[in-house]
Amino acid sequence: MAKRNLTKEEALKRAVKFSEKYVEKGPYEFFPEDEVVAEVQRGLAENHKNDGYRYCPWMPLSGDPVEDRKKICPCERHHEDIERDGFCIWMFFVSEEFLRK
């Protein structure tokens, strides 16, 4: 979604809704610590408010729109990370196998 003047509350509500819907539809779950999930959601909301997209909170932007698009959550690399490690690099989404450990 392109940038518009979102309030902090609107951006957070959208980040929570997006991530809950993604987990509901997909093969992944949230990381089992609520504070970790909430921190990522706050970071996504801040990036959405400031930059117009829910960029991964800990992936630095390059300024190249094509490269930076790969950093919009869920980022391009999250499937690979979860397959390899059981969780995405920022411990937001995890595999069911990770939760069973």
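The largest pocket holds about 160 Å³ of space. On a 1 Å grid over the protein atoms alone, a pocket is an open set of points with protein on both sides within 12 Å along at least five of seven lines, while a cavity is a set where a 1.4 Å probe fits but cannot get out; lining residues have an atom within 4 Å of a point. Lining this pocket are Lys 8, Glu 9, Ala 11, Leu 12, Arg 42, Ala 45, Glu 46, Lys 49 and Asn 50. Two or more of the lining residues come from each of α1 (8–25) and α2, and α2 gives the most, with five. By class, three are nonpolar, one is polar and five are charged.

A word on the basis: this is a predicted model, where local features need pLDDT of at least 70, side-chain atom pairs count only at pLDDT 80 or more, and totals for chains, interfaces and linings use all residues. Residues are numbered from 1 along each chain as its sequence is written, and side-chain values use heavy atoms, without hydrogens and water.

The whole structure has one cavity of 30 Å³ or more, and the largest cavity contains about 90 Å³. Its lining includes Cys 56, Cys 73, His 78, Ile 89 and Trp 90. Here the classes are eleven nonpolar, one polar and no charged residues.

Finally, turn to Trp 58, in the loop between α2 (34–51) and α3 (65–69).

Definitions and conventions:
Points joined across faces, edges and corners; volume = space filled by probe spheres on them. Nonpolar A, V, L, I, M, F, W, Y, C, P; charged D, E, K, R; others polar. Helix = DSSP H or I, 4+ residues; strand = E, 2+ residues; numbered from the N terminus.
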